[in-house]
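Hi,

Here's the structure I promised to pass on.

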Amino acid sequence: MLRLISFLLITFIVCVSSQAQLSTIHTSERDILSKDYTKFILVNEATGYALGKEPVKFVPGGDMPEIYFTVDLPANAASLATGAPRDLVIHSTEVPSEDWVLENNRNQGDIFFGRGRFVVNSIDKQWKVQVMDDVVIFQSKYDNNYLEIDQQGDLKRTSSMPEAARWKLYYVY
Amino acid sequence: MKNRYKIKEYLNIDSGKHSLLMFNSAVRFAGKTILVMLITCFFFQIDAFAQQGECYKRSLKSKTPLRHKIFIGEFENKGTNNDVDFGEIVREKLNEQRHSIFTKDLQIFVPVDSKDEADVIVSGEYVYNNNTEVIEKPFMERSTSYASRIPYFEIRVKNSADLNFVFQFEYKDGTTAFDTLYHEDSSETSDKREIKSQVVLEEETIKTLGRKIWDYKNIVDSEKFWVKMPKVKIKDKEMKSQYKEMRKYVEEKKFKELGAFYKKLYEQKPSDELAQCIGICYEMLGNFEKAQEYYDGASDFAINMRMKDHMELYNYLLEIGMTLPKEEF
């Protein structure tokens, strides 16, 4: 009886532990409505900057800009099929009253965080994610250029994948 | 007339002879007196020793508390962390008066200013470390719905603190004893609870140290037989309910019954706490030899101090031929 209880307890602990791992890094529609965002700090180790409306140098435990991801619908419906590549919309939480979204602006020819509320299915706000070991790079769905960040913290675009910024995602509780 | 002649006759005795007689009388008188004095002294001494034994047994009932003189020496910081002066904390705690609503004064030892007059010199050394560690834990999305799962990390901050404190007790009989306190604690960030800061860990370390010093002050209050028995873990339900009843025996001074109960528990499962409880019961009954057996190896310096005094007198009384009671249970 004692062994059975021990086994059940261990199984329970294992299950609970595994549930601590995120199912997906993007925030679901339901959680967006309740503003329960799955937030991250995106850090480029080469420059030391954390991605945000105003990129800042990363300090562990410090007050850092936070990002959350969504999957834009309905244009991305195909991307939700199993095995499909995923296109993400990158949001900044720096200004809670506004929805700031990273965009590869076709008109201004620049990359920055712009207002994203009520804007859906905008191709210049969608980013393809590519995994490189334990980091990711973002490729704009608009012109296939990659997101880059320079030593001054300015966001740029580059057509060269080796020059693309590698981003490490740190989950924020 | 007859008397007058006798007196005359007496007065007619030769003066030299008279002096000799006087001298002899004086010597005899002095000798008898001295003899009486010696006999009186002899019996008085025996009686005094008996009184001492009886007095000693009774001293626990008297209003004279047992107090030892301690010299509080230096507590050296052997580490590199100078954030907290644990030596100063220990010094303050040792000097602290301990009061209770049940007894008036439980200051067990009296701090003195010189090593020469101290019964024990308390000193020691310590090492305190604290550290903040940033740990990165890698994870991967669980979902397999997409072309590739995205890796992410969790930053865990871990605060830790540990204290290793070694106490040294140098007794006036030349022996030395040691006692060690090791306290370790850590706290890590998680989504379930808040991390304890270094300040909080430090405070908890200080509290643990304070409790250790407090434990050193557990001793008999001679006026009221106040004894603190170490807590004992009992699994047996019946024994557990009996244990609750037995606790009041301390106040009723029924150390024989209490001792027998503890002995029964000890025979089932020996432990340091039970050994100490049995030792205290024997000590209260005056059977110091048995008490010493059970105390043997105890790290409590107050017990060691007390037993040194007990055994010194106990052995002395045995040497001079006293028959001392050996209460058993």
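Predicted model: local features only at pLDDT ≥ 70, side-chain atom pairs only at ≥ 80, totals over all residues.

Residues are numbered from 1 along each chain as written, chains are lettered from A and ligands numbered from 1 in the order written, and side-chain values use heavy atoms, without hydrogens and water.

Chain B has nine helices and five strands (DSSP runs, numbered from the N terminus: H or I of at least four residues for helices, E of at least two for strands). Of its 329 residues, 38% are buried (under 20% relative accessible area, 1.4 Å probe, protein chains only).

Now the rings. Over all chains there are 23 aromatic pairs (Phe, Tyr or the six-membered ring of Trp, centres within 6.5 Å; planes under 30 degrees apart are stacked, over 60 edge-to-face, the rest tilted). B:Phe86 and B:Tyr126 sit 5.6 Å apart by ring centres with planes at 75°, so they pair edge-to-face. B:Phe86 is in helix 3 and B:Tyr126 in strand 3 of chain B, so this pair links parts 40 residues apart in sequence. B:Phe86 has 0% relative accessibility, and B:Tyr126 is buried too, at 3%. B:Phe86 also makes a tilted pair with B:Tyr128, at 4.9 Å and 55°; both of these residues are buried.

Cheers

Key
Buried < 20%, exposed > 50% of the residue type's maximum accessible area, 1.4 Å probe, protein only.
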